[in-house]
Amino acid sequence: MFKNHKIFKTTFAGRELTVETGKTCELSNGSCWVTYGETVVMTNVAASEKPREGIDFFPLAVDFEERLYSAGKIPGGFLKREGRPSEKAVLTSRVVDRPIRPLFPKDMRNDVVVVMTVLAVDPDCSPEIAGMLGASIALSISDIPWNGPIGGISVGLVDGEIILMPNAQQRLKSDLNLTVASSKEKVVMIEAGANEVPDDVMLQAINKGHEEIARVIIPFINDITAQIGKKKSEFQAVAVNPDMYSQISDFAIEKIRHALDTDDKNIREERLNPVKDEIHEKFSTTYPEQAAMIDECIYKMQKQVVRQWLLDGKRVDGRKLDEIRPLSSEVGLLPRVHGSGLFTRGQTQVLTVTTLGPVSDSQRIDGLDEEESKRYMHHYNFPSYSVGEARASRGPGRREIGHGALAERALEPVIPSVEEFPYAIRLVSEILSSNGSTSQGAICGSTLALMDAGVPIKAPVAGISCGLITEGERWMTMIDIQGVEDFFGDMDFKVGGTHKGITAIQMDLKIDGLTPEIIKEAIETTHKARIYILDEVMLKAIEKPRSSVNKYAPKMMNTKVPVDKIREVIGSGGKVIQKLCADYDVKIDLDDDGNVYICGSDLEKAQACIETIQAIVMVPEIGSIYKGKVVRVTGFGAFVEFAPGKEGMVHISELENRRIEKVEDICNLGDQIIVKIIKIDNQGKIGLSRKEALADIEKKKKEANA
């Protein structure tokens, strides 16, 4: 029935990888199902027949679509269906977009859409890599112009050993979560979260991932393409008229040089705007109805000037290639918030604010992963005024989500465990001014804000970016790229880390890949820079985390109770835990493992609450002395609650060391009295004695005074 149905198989990192084509989605330009383990991802690519008019960019859309049925889940919420993409889906879309985008023709303006739909998930085989491979295969076999293929791989580091495509158990123990995408010769994308991994180990992991892709994946995709690939279609190129560019360049190139030659972004724009107006005024009659092409010429002139300067060792703002812009750090800027830090690098400025809350404030996650919540969150806001533009805010887009996730990933290895610091932690980075590498500024601002809030982070983290300019075989890197160098350069290589090692990497490219030599130099350059930022700037603003949390932060304490005692802490219908919250003015979170988190504004009340909980779950022992409350009086004795939910009886003969006529002679309902456990029968009934408790206390006093 399916005459074009084909199945291709190979072994990738020790598991079978299967690609199936020709059975479904026959109207797509290219389609395939990728199966790895029991993970299945369907990828489809489509392109418009005609270019989109009036745009100066390549309109590529990459979507990673999570279907919760793939993990055997029903979506939460009222509608019970998938809504907007999860943060993980957005990040995966970006990870796939970055390596495939530079390989499309630069002058192509046809819409291209890549859709990866997750159909089944095997926890040992995460679907992100299967999606990336599917995108590469679907584009390669389609008629869409694309200079692929590329392959992707995940790399872990378990007990010092580099692991390719680690399974779920290995990922839990791994000190490295690295994704590498590459062609046969060059690395085209790096995304990493790491637990302070040394530079040389990171390089080994990147190279090992690249070697596996070049050995297995690239030949595999090339073979598939050779068998079933379509002929690439022609497209209407949007190319600049050489005569037009020559005339405009002769007229304005020197004016462009003068406009760009400043370290102030505002001055640069003030100089460029009248030059642009002058160019349009002069050439609009010569080239009528070609305003967009004139703008393209202006863009090309700026790019030519900046790149030539960099190749000659000159930077737009006059810095040396290894020189960082002026830096400053401040903490404690805002009253009443729990922690704040302001980090400034040149005209890039980030304000980060820390908020601490009870563990129950952790974010709930409704996705394909087994992770259901996270207590450490970082959010990144990029308002239009930060780049001098007037645009209404529309909430975080993919860029904001990606930058926030990068900063979150960089700090995650140094965040204390919930046992060490029983708080939910939220960081918000407000980009106040942007002229390059705001995500790395957010890393620095986050470290400052965390330490100002008294969060006992394991080590301070700084972030910095490295740029690249290439010309044929010639290349050079430069540290701390500003906006114009990022815009016209070939690479943005971002690295976050501590003194000890790397915690995060994100690499964006505009060329077809990097050699191992370039990657090594970028890592070495950023290493020196981040140590300088830490020692000379950040740690001079605040040397270490404050000794205690801010006075306005909630006070958190934690304890642990046996799992079989959880019901006693909660009580029938929640009565016990509700009473504890009311009596001590606290909020209590209790998980299935017996961890108890107490949140309150008064530290003494929180401590008293913990002592009460410990009393609830304690196993009564003969000889223990307590202060209890009389809850019932009878003719033969008094019933005393000596711990929440635990009571015993003091027989009238055990109330006093002399004969008394009635219980009320010694105590009444509601009185607080000292009691000692003197017996526990086979049914668990507890006998108490007030007279023995008083005698023991008096004896201890005499011994202390002797």
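Predicted model: local features only at pLDDT ≥ 70, side-chain atom pairs only at ≥ 80, totals over all residues.
Residues are numbered from 1 along each chain as its sequence is written, and side-chain values use heavy atoms, leaving out hydrogens and water.

R98 itself is found in helix 1 (residues 87-100); helices (H or I, at least four residues) and strands (E, at least two) are DSSP runs, numbered from the N terminus. Is R98 buried or exposed? Buried, with a relative accessible area of 11% (buried means under 20%, exposed over 50%, partly exposed in between, with a 1.4 Å probe and protein chains only). Show its surroundings too: leaving aside neighbours within four places in sequence, R98 is in contact (heavy atoms within 4.5 Å) with M189, I190, E191, Q506, M507 and D508.

Now colour the six strands that form an open sheet in the order 1-2-3-4-6-5, with mixed pairing (two strands pair if DSSP finds at least two bridges between them). On average, neighbouring strands here are turned by 15° against each other, direction ignored. Axes are lines fitted to C-alpha atoms, for helices over the stretch in contact, and angles run from 0 to 180 degrees between N-to-C directions.

Zoom in on strands 1 and 2 (residues 15-21 for strand 2): they run antiparallel, joined by seven bridges. Pick T10 and you'll find L17 of strand 2 opposite.

Then bring up helix 2 (residues 127-141), which packs on the sheet and touches strand 1, strand 2, strand 3 (30-36), strand 4 (39-51), strand 5 and strand 6 (110-120). The direction of helix 2 makes about 40° with that of strand 4. Helix 4 (residues 199-228) packs on the sheet as well, touching strand 1 and strand 2, and its direction makes about 170° with that of strand 1.

**Last stop: salt bridges**

How many salt bridges does a search of the whole structure find? It finds 34, each a side-chain nitrogen of Lys or Arg within 4 Å of a carboxyl oxygen of Asp or Glu.

Select D63 and R398 for one of them, at 2.5 Å, N to O. D63 sits in strand 5 (residues 60-65) and R398 in helix 8 (residues 398-411), 335 residues apart. Both ends are partly exposed: D63 has a relative accessible area of 25%, and R398 is at 34%.

Move to R315 and E485, whose side chains meet in a salt bridge of 2.9 Å, N to O. R315 lies in the loop between helix 7 (291-311) and strand 11 (327-331) and E485 in helix 10 (residues 483-488), so the pair ties together parts 170 residues apart in sequence. R315 is buried at 0%, and E485 is buried at 2%.

Finish with E656 and R690, in a salt bridge of 3.1 Å, N to O. E656 is in the loop between strand 27 (646-651) and strand 28 (672-680), while R690 is in helix 15 (residues 690-705).
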